[in-house]
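Let's take a walk through this protein together, stopping at a few spots along the way. Keep the 3D view open as you read.

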Amino acid sequence: MKDIRIVEAYWQETEQELLRMLASSLKGLSEDEAQKRLRAYGKNVFAHKKKDLLIVQFLKKLLNPLVLILLCASLISASLGELSNFIIIAVIISVSVIIDVIQERHAEHAVDLLQKKVSVTATVLRSHKKQEVPLADVVIGDVILLSAGDIIPADVRVLETQELMVDQSVLTGESYPQEKRVGAIRGTQVDYAARVNTLFMGTHVQSGSGRAVVVKTGVGTELGKIIDQVAKKRPETDFERGIKSFGYLLMKTTLVLVIFVFFVNALLKHSILDSFLFALALAVGLTPELLPLIMTVNLARGALRMSKKNVVVKYLPAIQNFGSMNVCCMDKTGTLTENRIILERYEDASGKESEKVLLYGYINALFQSGLKSPLEEAVLHHGEVSHIGYKKIQEIPFDFFRKRLSVVVEYKGKNGIISKGAPEEVLLVCDISHKEKLKALDRFHALSSQGFRVLAVAHRTVVHKKEYSEKDEMKMTYLGLMAFYDPPKKSAKRVLQELAEHGVEVKILTGDGDLVTRHVCEELGLPISGISNGSGIDRMNDRALGALIERTTIFARLNPIQKNRIILLLKQRGNVVGYMGDGINDAPSLKTADIGISVNNAVDIAKESADVILLKKDLRVLLDGVREGRKTYGNIMKYLMMGTSSNFGNMVSMAGASLFLPFLPMLPVQILLNNLLYDFSELAVPSDSVDEEYMRTPKKWDIVFIKKFMIIFGPISSLIDIATFVILLAIFHAGAGLFQTGWFVESLVTQSLIIFSIRTRVVPFFRSIPSKLLAVTSIGIALFGAVIPYTPIAAWFGFVPVPTQFIVWLIALMVGYACIVEVAKKVLYRRIGVY
């Protein structure tokens, strides 16, 4: 095998030097040499990690701290004879873990879909013959032949071109095809758009033909780099980090309290077995075993509501991430704009609208042969233009040196040439004064700076003859300019304003140029704090780029890896990031973001990598998702705040009471019943409404806040418990049965009803109304807890009837509890800056 050099900055070498470095030639490789290279460097495929067995993936998911706590709680319940608790928790955990495994399998499937996006065979020159070879057998140094419709099988450098136009929107996101040319490009850091001598794997030839040499294959290609990102394990989202942090907090709290209670009871009062069972019951009581169910129901309700708005939620936690999102990154094309080119202006040399420019531009587009560019299609679809009487005589095709196309037409017995193309090239063949030429060029540059793609139109009457050529494009009359535009969506302006009002900052990450992107953003009223181009990003370290990101709104000329890096740095700086995209180039970013959003007509890999699919590409759905996410988060937090503070308070009370009472303050079976009934009342939390004020700002998992809430409101709950102990012992002289029953009733009633205060930051009922279902279940469970000691089943749980006077004291305690909670709530929220 010949010695070859793997060239990284291949675009800056001359064609001859590059062929020498790759030990190849214009005639390609020999078949024997190609086979040696195939064995030495491997096949032109995307390698990725071997998939874990399903059972291995399942077991890995069980290592989450919250899942471990719930598993322990379920096993404890089973050991205490509460099989129903064991089954419920086990089912909840299994469903949650299975969903996670399915999501992981989707990511693996995404890599397979990318492989299918490239051609099956390629046309190469080997042993001086043209032949079709399988895509996987293409090697570095192979010379490939390209024609219209071909998908590029590897990253290649062009050697010869003939009007070669390539659509590389899958990588750059640009709406327009790019002209490819022979020649070296200087610079070691050159972005996709500037590499006009390079064709990338997965893009396709729109028109023309060419010859190119393969410089990168498989995972070494730009598409291979995207696959490498997609195949990696998805970074933790804000939701996943929050759940894990909460699990660790709960684990530490439970462990400390249970160990303390067990040893104190065993050493001072009770038998080791009774103390052990009591400590285990405390552990179950502290565990919010319905948290996965509450979260799933909340998320499922949000997904169901979103489905009615033409949104498919593939990954349920994405709903909550929507609510946490404070930065939304999106492309310009098709998101802020309509993703269709329209003819916006047609004006004469003085800048006035000209029907003549429209007519001649239309005739030029109409009589072109072959594939028409998006600009020509825009002219033809602008509206009905009368061209009766015009007859095509001949066409002078477009080429990359003239950068214009001309048609010769006959009208009323006279022949004329109509030319349309790049303004600077059309003006070269026009009979126009220097002053008028400068004026036309100034107008062209002004329109370009506003984001328009501009073509010039010229005309000349010619004599009848058999054949016309480029030489006839001379002394033409300059008619004016045609300006094209991908218009902003009409609904986008208001949605961007509302996203800002909801605390969501929008950043534009696009492969398009900065001028056109800036103009679109200005039209939509999006405040622009800074603009940066991809060419400068690769020269910056993470610290410098991270600082730049915070003060920049528009990032232009980005490649997929640069987009992904920006999103990662945004997340590292504490932001919850959403990303909206629909191309292959968007797949890594869709996976990296906390919430990936794509559309139904996106490429398969984008849909596979996304968490949410929009059946209609409507920005308003983003706002709906934000509000649904915040509602979901709000209801989950209600359960967490209520569960952690109330459970913590009750368990502290129980642990403390066990130190001075000659009997257990509550039997293990009573603790489990109390926990079961309270959990049942909390099942209605997902149906609850959320205050409008709460919906106005992003919601992130804040473990410090949960800890503060637990530390403040837990002791308040314990204070009410202590008051209950004093009343039962000092006034009613309660024995074991009455004490345990009285405290069971007080505990269940107070924690079932205090939810009405904790569920809102304002005064309950007056400024915030709970849902009917929550009101019915909470009040119903409180009443059930109050009457159970008087029912036939009371003896099953060791209950005895409580005196009527105790109910009066219970009402007084409840009123006092609510008042103290309202005061504490005001103080806490004022300190954290809510009011």
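Leu255 sits in helix H8, which covers residues 238-268. Keep in mind that this is a predicted model. Is Leu255 buried or exposed? With a relative accessible area of 53%, Leu255 is exposed, because anything over 50% gets that label.

Now hop over to Asn44, which you'll find in the loop between helix H2 (31-41) and helix H3 (54-61). Asn44 has 0% relative accessibility, so this residue counts as buried; the cut-off for that word is under 20%. What does Asn44 touch, if we skip residues up to four places away in sequence? The list is Leu135, Ala136, Val138, Pro153, Ala154, Met201, Thr217 and Gly218. Take a look at Gly218 in particular: the side chain of Asn44 reaches the backbone nitrogen of Gly218 at 2.5 Å.

Last stop: Ile432. This one is in the loop between helix H14 (423-428) and helix H15 (434-449). Its relative accessibility is 23%, so Ile432 counts as partly exposed. Setting aside neighbours within four places in sequence, Ile432 is in contact with Leu427, Lys437 and Tyr478.

Key
Residues are numbered from 1 along each chain as its sequence is written. This is a predicted model: local features need pLDDT of at least 70, side-chain atom pairs count only at pLDDT 80 or more; totals for chains, interfaces and linings use all residues. Side-chain values use heavy atoms; hydrogens and water are left out. Helices (H or I, at least four residues) and strands (E, at least two) are DSSP runs, numbered from the N terminus. Buried means under 20% relative accessible area, exposed over 50%, partly exposed in between (1.4 Å probe, protein chains only). A polar contact is a pair of N or O atoms within 3.5 Å; within protein, one must be able to donate a hydrogen and the other to accept it, and residues adjacent in sequence count only if both atoms are side-chain atoms. Contact means heavy atoms within 4.5 Å.
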